[in-house]
Amino acid sequence: MKPGSKDATTAIMNSLKSEIMGMPGIHNFINVANDDGSGYVISVVESEATSNANAVKVAELWGAFSDHMEAAPTAVGYDVVANWKN
């Protein structure tokens, strides 16, 4: 994201919570961000196939942030090795 956009993008993210959490197979959604625009989105999804099936919706959701992005994000998938919670 562009530096200084954290408040605006957080507001957008919060307005999209039901759409994000309503995607099939999503278990967890984590967003971490700094004021300089750096950050990560981490989602734990039921399976790789489910995640791939959500790709069109995810791209649509990222579109809501287009005014605040320096560049489009690149999705990368990993196998969950640990997902601990208290």
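**Exercise 1.** What percentage of the 86 residues in the protein do buried residues make up?

*Solution.* The model is predicted: local features need pLDDT of at least 70, side-chain atom pairs count only at pLDDT 80 or more, and totals for chains, interfaces and linings use all residues. Residues are numbered from 1 along each chain as its sequence is written, and side-chain values use heavy atoms, with hydrogens and water left out. Buried denotes under 20% relative accessible area, exposed over 50%, and partly exposed the range in between (1.4 Å probe, protein chains only). Buried residues account for 21% of the 86 residues.

**Exercise 2.** Determine the surroundings of Thr9.

*Solution.* Step one: Thr9 is placed in helix H1, residues 6-15; helices (H or I, at least four residues) and strands (E, at least two) are DSSP runs, numbered from the N terminus. Step two: the relative accessible area of Thr9 is 10%, so Thr9 is buried. Step three: a polar atom of the Thr9 side chain lies 3.2 Å from the backbone oxygen of Lys6. Step four: leaving aside residues up to four places away in sequence, Thr9 touches Met1, Phe65 and His68, where contact means heavy atoms within 4.5 Å.

**Exercise 3.** Is Tyr40 buried or exposed?

*Solution.* Tyr40 is located in strand E2. Its relative accessibility is 62%, and therefore Tyr40 counts as exposed.

**Exercise 4.** Describe the order of the elements.

*Solution.* The protein contains four helices and two strands. From the N terminus on, these elements run α-α-β-β-α-α.

Methods
A polar contact is a pair of N or O atoms within 3.5 Å; within protein, one must be able to donate a hydrogen and the other to accept it, and residues adjacent in sequence count only if both atoms are side-chain atoms.
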